[in-house]
Amino acid sequence: MNILLHICCAPCAIYPYFRLREEGLEPAGYFYNPNIHPYLEYRRRLDTVKEFASRVGLEVIYRDGYDLDLFLLRVAGKGALRCEQCYRIRLDAAGAAAREKGYRAFTSSLLYSKYQKHDLIAGVGREMGAEHGVEFYYEDFRPGWREGIVESKAMGLYRQQYCGCIYSERDRYRKGTERG
């Protein structure tokens, strides 16, 4: 079965990509992440996905455009609900691309990260799959967390320190300046 793997970043895609292949699936990648800020970080992550894809022979669909305005419109003022909106933007686009390109299913490397809201991602993914008439393939990729880290370091891939959005970047630096 062919499957479209939404890729949030190369390090998070390593384990899901190889896992899907172990399961006998034929993954192709899909990169669309308007949440990534600032633009230079977006470019660096995009370039790293291209590097990874080239190394392993992964075909990737790259959605053109840096849709930061869409992301900000959807998440501004949402507080704790902003992550859900971010997942919806990306998984909606992945589901639509899967349907348009004839994939039988889609999934996301977001299911690999122990820092993401796993159950929320799975729920939104299923919802977007039903909306687009494409199966959302669910697998908990978190057991491969350590393996993915080791492999990304061995490959010398750029490894970011936050999920990508302006809020997570703020929180990353805020933690370093707060005193307990």
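**Exercise 1.** In which loop does R159 lie, and is this residue buried, partly exposed or exposed?

*Solution.* Begin with the position along the chain in this predicted model: R159 belongs to the loop between α6, which covers residues 145-154, and α7, which covers residues 166-177. Next, take the relative accessible area of R159, which is 28%. Since buried would require a value under 20% and exposed a value over 50%, R159 counts as partly exposed.

**Exercise 2.** Determine which residues R159 touches, leaving aside its neighbours within four places in sequence.

*Solution.* With those neighbours set aside, the contacts of R159 are P11, I149, S152 and K153. Consider P11 next: P11 and R159 are 148 residues apart along the chain, yet their C-alpha atoms are separated by 6.5 Å. Then turn to S152, whose side chain makes a polar contact of 2.9 Å with the side chain of R159.

**Exercise 3.** Work out the strand order of the open sheet, and find which strands stand at its edges.

*Solution.* The open sheet has 5 strands, paired in parallel and arranged in the order β3-β2-β1-β4-β5. At the edges stand β3 (60-62) and β5 (135-136), and because each has a single partner strand, one side of each is left without a neighbour in the sheet. Within the sheet, β1 (residues 2-6) pairs with β4 (residues 105-108) in the parallel sense over 4 bridges, and there I3 has A105 of β4 as its bridge partner. Finally, helix α1 (residues 10-22) packs on the sheet, where it touches β1, β2 (26-31) and β4, and its direction makes about 170° with that of β1.

Terms used. Residues numbered from 1 in each chain as written. Predicted model: local features only at pLDDT ≥ 70, side-chain atom pairs only at ≥ 80, totals over all residues. Heavy atoms only, no water. Pairing = 2+ DSSP bridges. Helix = DSSP H or I, 4+ residues; strand = E, 2+ residues; numbered from the N terminus. Contact = heavy atoms within 4.5 Å. Axes fitted to C-alpha atoms, helices over the stretch in contact; angles between N-to-C directions. Buried < 20%, exposed > 50% of the residue type's maximum accessible area, 1.4 Å probe, protein only. Polar contact = N/O pair within 3.5 Å; in protein donor to acceptor, adjacent residues only side chain to side chain.
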